[in-house]
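Here is a structure to get to know. Take a look at it first, and then we can walk through a few of its features together.

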Amino acid sequence: MAQEVRGVIAPGKDEPVRIETIVVPDPGPGEAVVRIQACGVCHTDLHYKQGGISDDFPFLLGHEAAGVVESVGDGVTDVEPGGFVILNWRAVCGKCRACLRGRPWYCFDTHNAKQKMTLTDGTELSPALGIGAFAEKTLVAAGQCTKVDPAVSAQVAGLLGCGVMAGIGAAINTGNVGRGDSVAVIGCGGVGDAAIAGSRLAGAAKIIAVDIDDRKLRTARSMGATHTVNSRETDPVEAIRELTGGFGADVVIEAVGRPETYQQAFYARDLAGTVVLVGVPTPEMKLELPLLDVFGRGGSLKSSWYGDCLPSRDFPMLIDLHLQGRLDLGAFVTETIQLDEVEKAFERMHQGDVLRSVVVL
């Protein structure tokens, strides 16, 4: 039987969000209904609100979430009612060419729930990243639910559902940061700080944080940066080279998603070094680099999708590290808020006043 719950929708491009009654259907085959306990306010939700992802309004926002499985549909065996889960937006299919090659983190056919949640008048909603978790309950594909230790707080667990996992994974999975490496991270928002935390976790010897905001650089220090560079005042390429014996960093993680910062990352790496793009560019952006420089510098130029994570592998591991005191996920939570405070949270995010606002239900 369908349920009616409260949820936050974006009704149209750049319109303020509002709370509406959402109709959540019973789970069909391969689906699950999850009672949301906490959901982070991610910049991707703001992109949806602004029409930067698509124009498929209205959107049910929220995707960086954790909660408890309430019910499951036919054929679901991996999760069960009562299980504590983190939601992910890349449920692997197990059948595509990437999965069959043993690389499911590259799955080319990820999926979401087939049924639609709606408004009470029948208007179909587009859930952000196939999740829609700024709501008391949501309907997802069962593969989007990853079981983790229920001893963890939902407000920190949910952060692995997007930004924190993207950053940590960019360092550990995509960048293959290793013991003794030098790492530079350009852009110290939530994803950049997570890349710093991931680099520290991997044993990097030198972690250089680059941003134009001194407040963010101070936070980056607390996350594990050993050096900071304000790129509004100093050429970041020259600063990174100076801090690495004139060579450049072994791994440079670009967490902004702009051509000019990507170019900085390209020239701030050592010969045969690695550049990881985890910042999300917009469709109109173009990059121009001398092809001879691409050839002559060697190394790897990579993009990182969701930190190249495999949720079933990475989420439980990172939660265990947090519970052991080796990864402070709580440091990413600036404030906890209610559903009716999401619009104000977007404003604080835009102004750079918060690392993460987390809606607690």
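This is a predicted model: local features need pLDDT of at least 70, side-chain atom pairs count only at pLDDT 80 or more; totals for chains, interfaces and linings use all residues.

Let's start with an open sheet of 5 strands, which come in the order β7-β2-β1-β4-β8 with mixed pairing. At the edges you'll find β7 (118–119) and β8 (126–127); each has a single partner strand, so one side of each is left without a neighbour in the sheet.

Now zoom in on β1 (residues 3–10) and β2 (residues 18–24): these strands run antiparallel and are joined by 7 bridges. If you'd like to spot one of the partners, go to Glu4, whose bridge partner in β2 is Val23.

## Aromatic rings

There are 5 aromatic pairs in the structure. Phe59 counts as buried, because its relative accessibility is 2% and the cut-off for buried is under 20%. Phe57 and Phe59 also belong to one aromatic cluster with Tyr48.

Trp89 and Tyr306 make a stacked pair, 4.3 Å centre to centre and with 10° between the planes. This pair links distant parts of the chain, 217 residues apart: Trp89 sits in the loop between β6 (84–87) and α2 (97–100), and Tyr306 in the loop between β16 (300–303) and α10 (311–323). Trp89 is partly exposed, at 21% relative accessible area, while Tyr306 is buried at 4% relative accessibility.

## A charge over a ring

One last stop: Arg297 lies over the face of Phe266, 5.9 Å from the ring centre.

Notes
Residues are numbered from 1 along each chain as its sequence is written. Side-chain values use heavy atoms; hydrogens and water are left out. Two strands pair if DSSP finds at least two bridges between them. Helices (H or I, at least four residues) and strands (E, at least two) are DSSP runs, numbered from the N terminus. Rings of Phe, Tyr and Trp (its six-membered ring) pair if their centres lie within 6.5 Å; planes under 30 degrees apart count as stacked, over 60 as edge-to-face and the rest as tilted. Buried means under 20% relative accessible area, exposed over 50%, partly exposed in between (1.4 Å probe, protein chains only). A charge sits over a ring if NZ of Lys or CZ of Arg is within 6 Å of the ring centre and within 35 degrees of the ring normal.
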